[in-house]
Amino acid sequence: MYNLLIGGAAGQGIDTTVAILEKLLKRSGYNVFTVRDFMSRVRGGHNFSLLRFGNEKIYSHSNQLDGIVALDEQTVALHKDQLKEDGLILCDSKLAISDPRAINLGMDAMAKELGNVKASGSIAVGVILKLFGETLSGVEEVLGNVVKPQYLASNFKAVQEGYKAVQERFPHLEGKYGDWMLISGTKAVALGAIAAGLRFYTAYPMSPSTGILEAIAAVADEADVVVEQAEDEIGAINMAIGSSYAGARAMTGTSGGGFSLMVEALGLSGMAEIPLVVIDVQRPGPVTGLPTRTEQSDLKFVISASQGEFPRMVIGLRNSQDAFYQTMRAFNLAEKYQIPVIILSDQYIGDASATVMPFDPTKIKLAEPLKQYADKEEYLRYKYTDSGISPRLIPGQTKHLVIIDSDEHDEKGWITESAEVRTKMVDKRMKKLEGLKRELQEPEFIGSDSFETLIIGWGSTWGPINEAITLLNKGEKAKYAALVFGDFYPLPDRLLQEKAKQAKCIINIEQNATGQLAGLIREKTGIVCSDSILKYDGRQISGEEIADMIQKGEIK
Amino acid sequence: MNKENFSTYETAWCPGCGNFAILECLKTALEEMKKDPSQVLVVAGIGQAAKTPQYISANAFCGLHGRALPAAVATKIANEKLTVIVNTGDGDSYGEGGNHFLHNMRRNVDITHFVHDNQIYGLTKGQASPTSMVGMVTGVQTDGNFNEPLNPILLAIAAGAGFVARAFTGRKEHLIEVMKQAIAYKGYAIVDILQPCVSFNKFNTFGWYNKRVYELDENYDCENKTIALAKSMEFGEQIPIGIIYREVKATYHEKNFVLKQGKPLVECETNSEFVGKLIKSYI
């Protein structure tokens, strides 16, 4: 497995270089995992991507580097301590880099000669391909998807020049992932929504959720999806609810700040029993926080957001695969139970690309509203039923009237202040939780059956925890296992209860300061996480960091 | 046909409230336009006016305070066959929902917005609204309201609305006619309906309005924006009612690529071949 860092200032073309490279390496058969670490600015500063590839499974990033592609001097200064002794630094010869591991190439001068000063990144791509024993097959096609047609020829030439400039250094590893997908969490969410029959997506741009809005907009015309940029997040969620009421499957997406504006309407979805899917792509808060970085601190917020009580479902995304299938499933659960379903993602999962088996949309069944109402009796939108789920008709699709209200209402949908009806309606709505609990997916169990220490995590720490368990269980007796939650509200607790009994020690690992999942687990089950690893610096924890901290006993 | 088709429920409004006239005129307008109740959707936020959907036999969406417009435009985007009408108050439309009011005029979705404008907050019992006049003393504005009232007609024309009208509950025949034209208009139509609040607004009474309103006649050119802007600033001793401004504009459905194909969004289905193609593009 190899691990490269490509770094420079914002605006130097790191994203494009990485987008070309990751796709070529994946097509060559490698499993690829790329994370993006960038600042909240359009020009300057320090941005980098970590690109990991190999022929084994890769679950997350690593901070131990085989190579650094430095577009500026700062990149070397900041990251050379992470570079392995036999690693390499690829940089322009005009940068004053004297490290013995440096390959100084006149890339900018070469690009200038090619008549495209912005092609230095493509020269670097050629160099990397050669160093790692790759061929140039497919380069033109991949370039064609990333750069504008008028720059294709010069960029292709740049790759060839870079390829010629160095000698092969690492042997090509034969991987089997060439036919798999390479996709980010953001794009997988967009794809999942479209596969689930999304008809209307509305949002107000907010990092790190904007990518979903753009990914859906990019294919909306072909996919029969209307995309509307809302005036604010309140408008967005109310539009999504209106659309869903009228029968067009709808979704909205935001980050924590925007979600804060949405909370009243979340209750409208709960009260009026209108299916709704909302994604919160978390970033560090409170308020503006760190706009382009990652955190898992909205868990307790979204499980209790909005006044009053109503059933809801919250699903955390663990990886790109989840991003697709759980988004589809969110639409199914929202429709089936007529509730809001909240998907919790974060910047790390959203922006990271990973190699995944091609998605199969037929794996997820999708509930539909009623097409007609066969009963002889009068149609009642909020009819009392054993499951708490009332038949949902779409207005205008039958002769029946569909009446919904944010006030407490009777079965027909009319305002009421009756104490009896109020109690029955609350019971009816909350009854849906019973069915929902039967739908819950247990957390993923990772590691050794004979574990002593149990790690608990949720969402995006799935990858790092996976890698940490492998590192921790190396060599001596395998003492470690983990449960990583995707569904966590309502909390599935069968596996947790079972594994907690066996554990001598339970450590929760979360990207927040207060251990929010541990708190929820304690509230719902009484199970106490004796130790914690909590990280809230805006940067995703790595498997190595987790293993290191546990081995050194650096846990609270 | 008679308006009983859209009738009739016991209301929770005060006797003498202007809302009764609006409700009655709305039912008549819908009847005269031969609308089928199952194809009509009345959307509201929260407030006394926002109870309207509860008192008419049609589909009803009683959502959140200030948020009737985003919900309403989305229902129309989802299903263009529905006749979507928003009935809600001045606080709901111009106060809590001010941002949506502004931006939905830019969208120009084909819905009708009837603002029950009584220049006071009724449901919360008598505080100043965005259209309350300077000097009005309330339990909150104890020294008299000193914030200038918002002029919804002027604002709507300036913001690009293509159908802007004012009506008064004391002129029912006129109100019905304006309502019918607003509903028939292709695009976002707003009618600011002056309505007395008998319980809380002791200043802008039925008599106060009745003395001042006058109907615009055929000599008034509602298609001239400059004239309309000047006319929209007339509010005081003389209050013009009728269509203040009217313009043919492309609707949201005519502008959006998917919607202009003509198939209601609610009837579209996801093409699994297309999804397969998208999945392949990541390989």
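Strand β15(A) is joined by 3 bridges to strand β2 (residues 59-62) of chain B, and the two run parallel. Helices (H or I, at least four residues) and strands (E, at least two) are DSSP runs, numbered from the N terminus, and two strands pair if DSSP finds at least two bridges between them. Within this pairing, Ile404(A) stands opposite Phe61(B) in β2(B).

This is a predicted model, in which local features need pLDDT of at least 70 and side-chain atom pairs count only at pLDDT 80 or more, while totals for chains, interfaces and linings use all residues. Residues are numbered from 1 along each chain as its sequence is written, with chains lettered from A and ligands numbered from 1 in the order in which they are written.

**Interface of chains A and B**

- The interface brings 53 residues of chain A into contact with 43 residues of chain B; contact means that the C-beta atoms of two residues, placed from the backbone, lie within 7 Å.
- On the chain A side, at least two residues each come from β7 (181-184), α7 (185-195), α8 (210-223), α9 (233-245), α10 (256-272) and β15 (403-405).
- The most is given by α9(A), with 8 residues.
- By class, this side of chain A has 32 nonpolar, 10 polar and 11 charged residues. Ala, Val, Leu, Ile, Met, Phe, Trp, Tyr, Cys and Pro count as nonpolar, Asp, Glu, Lys and Arg as charged, and the others, Gly among them, as polar.

**Domains of chain A**

- Chain A is assigned domain 1 (2-165), domain 2 (182-363), domain 3 (369-439) and domain 4 (444-551); the bounds come from an automatic or database domain assignment.
- The centres of domain 2 and domain 4 of chain A, taken over C-alpha atoms, are separated by 26 Å.
- Between these two domains, 23 residues of domain 2 of chain A are in contact with 21 residues of domain 4 of chain A.
- On the domain 2 side, α11 (299-304), β12 (313-316), α12 (320-337), β13 (340-346) and α13 (347-351) of chain A give two or more residues each, and β12(A) gives the most, with 4 residues.
- That side divides into 11 nonpolar, 6 polar and 6 charged residues.

**Sheet of chain A**

- An open sheet of 7 strands has the order β9-β8-β10-β11-β13-β12-β19 (chain A), with mixed pairing.
- Its edge strands, β9 (226-229) and β19 (487-489) of chain A, each pair on one side only.
- Strand β10 (residues 250-254) and strand β11 (residues 276-282) of chain A run parallel and are joined by 4 bridges; Met251(A) stands opposite Val277(A) in β11(A).
- Helix α8(A) lies across β8 (200-203), β9, β10 and β11 of chain A, at about 140° to β9(A). Such angles run from 0 to 180 degrees between N-to-C directions, and axes are lines fitted to C-alpha atoms, for helices over the stretch in contact.

**Loops of chain A**

- Ser207(A) and Pro208(A) are joined by a cis peptide bond, with omega about -5°; Pro208(A) is in the loop between β8 and α8 of chain A.
- Another cis peptide bond, with omega about -5°, joins Gly285(A) and Pro286(A), and Pro286(A) lies in the loop between β11 and α11 of chain A.
- Asp224(A), a residue other than glycine, has a positive phi near 55° and is found in the loop between α8 and β9 of chain A.
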